[in-house]
Amino acid sequence: DATGLNFEVSVPTSYAATVEAMCAAPDASMGFIPAAGYVIANNRCGVQVEAAAVRRGWSVYWTAYIVRRDSPIYTFGDLAGKTWAYPDAGSTSGYIVPSVELQAAGIEVGDTVEAGGHNQVVQAVYSGEADFGTTFFSPPAVPGAAWSIGDNPEPYDLTVDESRLDEEGNLFVGDIRILDARANIRDTAPDVVDQVRILRLSAPIPNDTLSFGPDFPEELKQQIMDALFAFAETEAWEQSIGSQDFYDWSGIEAIEDEAYDPVRQQFEILGLTEEDVFN
């Protein structure tokens with residue numbers, strides 16, 4: 001409405017399909033793609049990042065290594081030989097970052113399960129189909145206090161605080177709102193926090209991107225970005241891109257390509273090629 005433009009919207013079946021679609025329409029495509037997908041798209045055909053997600057003041061997010069709460073896995077080293085569920089090989093937080101960290105720690109996992117998405121990873125751990133999973137982590141909302149890097153990712157005591165859904169269907173433990181990937185299956189598994197715990201977090205990861213095809217007209221790009229920056233300041237944003245059940249972006253901020261160099265370095269550390277990730 002703000003731009004007066006018409007958009008053809010699609011939801012590709014994978015990160016690989018997203019990159020293919022953007023590279024196939026270099027002068028007419030824009031996409032919401034995570035850090036690893038952006039790095040590949042930029043390398044393949046020059047896709048350019050314009051903005052990154054901000055989630056409750058954070059321009060970064062993390063991988064959460066999750067296990068069942070009754071699991072005997074308590075240290076990073078305990079993951080050796082265990083079955084690993086991840087979303088897909090193009091997922092930054094779900095696969096690329098944990099692959100680097102597991103390799104750096106000399107941990108060789110057992111079987112792997114490509115679950116197809118973050119929700120499915122949580123479900124696989126919840127139902128015992130995998131010993132551990134890797135999903136995105138967004139900090140919990142703690143009343144009267146700001147979560148900080150280094151804080152406990154689960155700042156509550158389940159022997160005292162009860163997990164629950166509020167009237168709007170949001171997941172809480174006591175008065176702390178859960179915003180990591182576990183909350184995404186709260187409708188079908190409202191006891192997910194009682195059953196699935198966070199073992200550890202990764203190092204910080206640059207947030208997901210809003211990127212454009214390499215030949216996208218500059219004037220048109222600026223028109224769209226101006227509209228989106230303005231939209232992010234409205235209540236309507238909270239019902240769409242800002243909704244927890246959509247992208248859960250509380251805002252967006254301009255960002256440069258160089259911010260994703262750490263992800264490029266992770267590819268180099270693993271020796272991964274585009275074909276390794278997408279095939």
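Predicted model: local features only at pLDDT ≥ 70, side-chain atom pairs only at ≥ 80, totals over all residues.
A charge sits over a ring if NZ of Lys or CZ of Arg is within 6 Å of the ring centre and within 35 degrees of the ring normal. Numbering runs from 1 along each chain as its sequence is written, and side-chain values use heavy atoms, with hydrogens and water left out.

**Nonpolar cores**

- A nonpolar core here is a set of buried Ala, Val, Leu, Ile, Met, Phe, Trp, Tyr and Cys residues joined through side-chain atoms within 4.5 Å, and buried means under 20% relative accessible area (1.4 Å probe, protein chains only).
- The largest such core has 34 residues, and Tyr 38, Leu 79, Tyr 260 and Phe 267 have the most contacts inside it.
- Elements giving two or more residues to this core include helix H1 (15-24), strand S3 (60-68) and helix H7 (261-270); helices (H or I, at least four residues) and strands (E, at least two) are DSSP runs numbered from the N terminus.

**Helix H2 and Tyr 38**

- H2 spans residues 35-45 and is mostly covered, with eight of its 11 residues buried.
- Among those buried residues are Gly 37, Tyr 38, Val 39 and Ile 40.
- Skip the neighbours within four places in sequence, and Tyr 38 still has contacts (heavy atoms within 4.5 Å) with residues including Ile 33, Val 49, Asp 257, Tyr 260 and Arg 264.
- After H2 comes Gly 46, with a positive phi near 85°.

**Aromatic rings**

- Rings of Phe, Tyr and Trp (its six-membered ring) pair if their centres lie within 6.5 Å; planes under 30 degrees apart are stacked, over 60 edge-to-face, and the rest tilted.
- Searching the whole structure turns up 17 aromatic pairs.
- Take Trp 62 and Phe 137: their ring centres are 6.1 Å apart and their planes at 70°, so this pair is edge-to-face.
- Trp 62 is in strand S3 and Phe 137 in strand S6 (residues 132-137), so the pair ties together parts 75 residues apart in sequence.
- Both partners are buried: Trp 62 has a relative accessible area of 2%, and Phe 137 has 0%.
- Phe 32, Phe 246, Tyr 247 and Trp 249 make up one aromatic cluster.
- Arg 164 lies over the face of Phe 172, 4.8 Å from the ring centre.

How values were computed. Buried < 20%, exposed > 50% of the residue type's maximum accessible area, 1.4 Å probe, protein only.
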